[in-house]
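Try each task before you read its solution.

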Amino acid sequence: MGGRADFEERQEARKLKYEELSKKAEEKSSQYMNSTAHRILANTPRTTYNSRTSF
């Protein structure tokens, strides 16, 4: 009858793992948003292929 306790332990371990992955992803995202290269790209005007041609 230890199956239920084992299930709860595995469920808790999975929950902790996903919380840790979530924190890592959030940190990576904030680093990307604060990077200089991202700010430069965000401010650079984009042109499409169609707007470059004058024909």
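The chain has an accessible surface of about 5,600 Å², and carbon and sulfur atoms account for 55% of that; areas come from the Shrake-Rupley method with a 1.4 Å probe, and for residues only the protein chains shown count as cover. This is a predicted model, so local features need pLDDT of at least 70 and side-chain atom pairs count only at pLDDT 80 or more, while totals for chains, interfaces and linings use all residues. Residues are numbered from 1 along each chain as its sequence is written, and side-chain values use heavy atoms, with hydrogens and water left out.

## Exercise 1: layout and confidence

Work out how many helices and strands the chain has, and where confidence is lowest and highest.

Step 1. Take helices (H or I, at least four residues) and strands (E, at least two) as DSSP runs, numbered from the N terminus. You get three helices and zero strands, in the pattern α-α-α along the sequence.

Step 2. Check pLDDT, the predictor's confidence in each residue, from 0 to 100. Its mean over the chain is 80, and 75% of the residues reach 70 or more.

Step 3. Go element by element: helix α3 (residues 49–52) has the lowest confidence, with a mean of 58, and α1 has the highest, at 90.

## Exercise 2: burial

Find what share of the chain's residues is buried.

Step 1. Set the cut-offs: buried is under 20% relative accessible area, exposed is over 50%, and partly exposed lies in between (1.4 Å probe, protein chains only).

Step 2. Apply them to the 55 residues, and buried ones make up 2%.

## Exercise 3: salt bridges

Step 1. Look for a side-chain nitrogen of Lys or Arg within 4 Å of a carboxyl oxygen of Asp or Glu.

Step 2. Start with Glu8 and Arg4, bridged at 3.4 Å, N to O. They sit four residues apart in helix α1 (residues 3–34), so about one helical turn separates them. Glu8 is partly exposed at 42%, whereas Arg4 is exposed at 55%.

Step 3. Next come Arg10 and Asp6, whose closest N and O atoms are 3.3 Å apart. Arg10 is partly exposed at 45%, and so is Asp6 at 38%.

Step 4. Finish with Glu20 and Lys24, at 3.6 Å between the closest N and O atoms. Both are in helix α1, four residues apart. Glu20 is partly exposed at 46%, and Lys24 is partly exposed at 49%.

## Exercise 4: a charge and a ring

Which ring does the charged end of Lys17 sit over?

Step 1. The test is NZ of Lys or CZ of Arg within 6 Å of the ring centre and within 35 degrees of the ring normal.

Step 2. The ring belongs to Tyr18, with the charged end of Lys17 lying 5.1 Å from its centre.
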